[in-house]
Amino acid sequence: MCICINCKWVDRCKTYHDVEENHEVSHLTSSPDITAKNPFIHVSLVEESKGEFTIEWDVRSCSSYYEELGRWSKLRPGLEIPA
Ligand code: SF4
């Protein structure tokens, strides 16, 4: 799970913006203005069905992480959190 969903900067962060791009989900903002320090992104291949793969991009650690539990859900109440 991407730690960004519980980060105060999720709707302003350029790295999370890239993660959204890679997951092909809609952006929280069109103009991110925060550059994360030392984000570690874990990339994995996930088999959706036989022979069909998707790529998962998850930020696992980040020096700029500022915990705000449920930040993503507060911004998009009722929506499923992007995997
Ligand atoms: S944890 Fe880092 S990469 Fe993720 S939203 Fe926060 S600042 Fe950006």
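Predicted model: local features only at pLDDT ≥ 70, side-chain atom pairs only at ≥ 80, totals over all residues.
Which residue in the turn of the β1–β2 hairpin has a positive phi?

1. The hairpin turn. Strands β1 and β2 form a hairpin with two residues between them. The residue in question is G51, which lies in the turn and has a positive phi of about 80°. S49 stands opposite E52 of β2.

2. Pairing and cover of the strands. β1 covers residues 40-49 and β2 residues 52-61; the two run antiparallel and are joined by nine bridges. Strand β1 is hardly covered, since the count of buried residues among its 10 residues is zero.

3. Overall architecture. The protein chain holds two helices and two strands, and their order along the sequence is α-β-β-α. The radius of gyration is 13 Å, close to the 12 Å that the globule rule gives for 83 residues, so the chain is as compact as a globular protein of that length. The C-alpha trace spans about 40 × 30 × 25 Å along its principal axes.

4. Burial and contact range. Of the 83 residues, 18% count as buried. Among contacts between residues at least 6 apart in sequence, 49% join residues at least 24 apart.

5. The nonpolar core. The largest nonpolar core has 11 residues in all: C2, C4, C7, W9, V10, C13, Y16, V19, A36, V59 and C62. One of its members, C13, is in contact with C4, P32, I34 and A36 once neighbours within four places in sequence are left aside.

6. The ligand shell. The ligand has 14 residues around it, of which C4, C7, C13, A36 and C62 come nearest. By residue class, the shell divides into 12 nonpolar and two polar residues, with no charged residue.

7. N6 is found in the segment before α1, the helix of residues 14-23. Is N6 buried, partly exposed or exposed? With 17 other C-beta atoms within 10 Å, N6 is partly exposed, because a residue counts as buried at 20 or more such atoms and as exposed at 12 or fewer. Residues up to four places away in sequence not being counted, N6 touches E67, E68, L69, G70 and R71. For N6 and G70, the separation is 64 residues in sequence, yet 5.2 Å in space from C-alpha to C-alpha.

Conventions: Residues numbered from 1 in each chain as written. Near = placed C-beta within 6 Å. Nonpolar A, V, L, I, M, F, W, Y, C, P; charged D, E, K, R; others polar. Helix = DSSP H or I, 4+ residues; strand = E, 2+ residues; numbered from the N terminus. Rg over C-alpha atoms; globule rule 2.2 N^0.38 Å. Contact = placed C-beta atoms within 7 Å. Core = buried A, V, L, I, M, F, W, Y, C linked by C-beta atoms within 7 Å. Pairing = 2+ DSSP bridges.
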